[in-house]
Amino acid sequence: MKQQKTMIPPFTLARQNKELMPRLTEVVNTVIESGHFILGDNVKKLEEEIATYCGARFAVGVASGSDAIYLSLLACDVGPGDEVITTPFTFFATAGAIIRVGARPVFADIEEETFNIDMEKVAGYVTKKTKAIIPVHLYGCAADMDPLKELLSGKNISIIEDAAQALGTKYKDCKIGSGSDAVCFSFFPTKNLGSFGDAGIVTTDDQELAERLRVLRVHGSKPKYYHEVFGCNSRLDEIQAAILRVKLPHLDNWIEQRRAKSAIYTKILSTAKDIKYPREPLYTYHSYHQYTIRTNERDRLQTYLQEQGIGTAIYYPLCLHQQKVFNELGYKTGDFPVSEKAAAEVLSLPMFPELTDKEAAYVAEEVVRCER
Ligand SMILES: *Cc1c(COP(=O)(O)O)cnc(C)c1O
């Protein structure tokens, strides 16, 4: 008889929810009973708690990570005629936000080792039209910010970090969240800190920018029903804020758990011949939002793992410059070879804090076994 296979999903909240359920239902009930659903006490407190957590002066809750980027661009006055430099190897929203404000995305290739934008290449794309740059801390590994700040010093170019995957990640001893014009986080359910729906937040040290964001998220209205700027409806709601406040105190421990599972993966995978596993550059404390390996046998490996009951994911199978919707930008296949190679080789292994040591070892052993 065939032995029943273990089923390991690429991600699940079920184990975490089970543990927190009594407290979660309690706070949701409290919000329902309060009758206050938009921009209430929970949002205000969450904003303070996230700012403190990241070491930023201000935090402004918004409806999603995508909107966090969109509103940050608006707040930095980026619009038609402007260029914004970013990576072609990221989630669609990074570049989507640039289009939404009417500006033009300009892509720069990534580093092979970190999957993050190659700061040395950025210099070649800075023009008089460059208004902002959006580095992405992909998979929870910090982008190398200091060389970028050096490159842009004295230039009037805003830095907006896409930290959707990097809440809890550190860059040189400091949590991601301060030191740039704006830092954008997502609380999408699968992120390091996940709500039960869509939610996001922007952190900043700039009081004026924080104030602009607060106005932009309520249709640019200040005072109420008087509009001097064009905004939209983009608020983090009370129920999500209440849920996130229950979870936030656990976040550092969850990230340690992610790192512990990653260490198990790395130890076993270092015995593999043709698998490249993630490295942690000295300047970052990686939060392992994803544990992403690469191999030129990616599709075969993914099918094999699926047969062993192991779910995996590909972030991302097609680079942004190759997306149909960006045809008009005039890019073609071959323009960003490091990104294109990554898209063909990456595979993210199961990663969530509650993954057991045994499961992690099993996954990594199966990856090694597939090579034989
Ligand atoms: C998730 C994600 C976003 C968008 O966040 P949402 O909350 O889903 O809108 C943006 N950029 C990156 C890199 C992401 O992973």
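A nitrogen atom of the ligand lies 2.7 Å from an N or O atom in the side chain of Asp 162. That is a polar contact, meaning a pair of N or O atoms within 3.5 Å; within protein, one must be able to donate a hydrogen and the other to accept it, and residues adjacent in sequence count only if both atoms are side-chain atoms. The side chain of Ser 66 has an N or O atom 2.5 Å from an oxygen atom of the ligand. For Lys 191, the distance from a side-chain N or O atom to a ligand oxygen is 3.0 Å. Of the accessible area that the ligand has on its own, 380 Å², the protein covers 93%; these areas come from the Shrake-Rupley method with a 1.4 Å probe, and for residues only the protein chains shown count as cover.

A word on the source: this is a predicted model, where local features need pLDDT of at least 70 and side-chain atom pairs count only at pLDDT 80 or more, while totals for chains, interfaces and linings use all residues. Residues are numbered from 1 along each chain as its sequence is written, and side-chain values use heavy atoms, with hydrogens and water left out.

Which residues come nearest to the ligand? Of the 15 around it, they are Gly 65, Ser 66, Asp 162, Ser 186 and Lys 191; a residue counts as near if one of its heavy atoms lies within 4 Å. This shell divides into six nonpolar, seven polar and two charged residues. Ala, Val, Leu, Ile, Met, Phe, Trp, Tyr, Cys and Pro count as nonpolar, Asp, Glu, Lys and Arg as charged, and the others, Gly among them, as polar. Helices α3 (65-75) and α4 (92-100) each supply at least two residues of the shell; helices are DSSP runs (H or I, at least four residues), strands likewise (E, at least two), numbered from the N terminus.

Now the pockets. The ligand takes up the space of the largest pocket. A pocket, on a 1 Å grid over the protein atoms alone with a 1.4 Å probe, is an open set of points with protein on both sides within 12 Å along at least five of seven lines, and lining residues have an atom within 4 Å of a point. A molecule sits in one if more than half of its atoms lie within 2 Å of its grid points. The lining has 33 residues, with Phe 91, Gln 165, Phe 188, Lys 191 and Tyr 316 nearest the centre. Helix α3 gives the most to this lining, three residues.

The second largest pocket is lined by 16 residues, including Leu 74 and Arg 212. There, α7 gives the most, with three residues.
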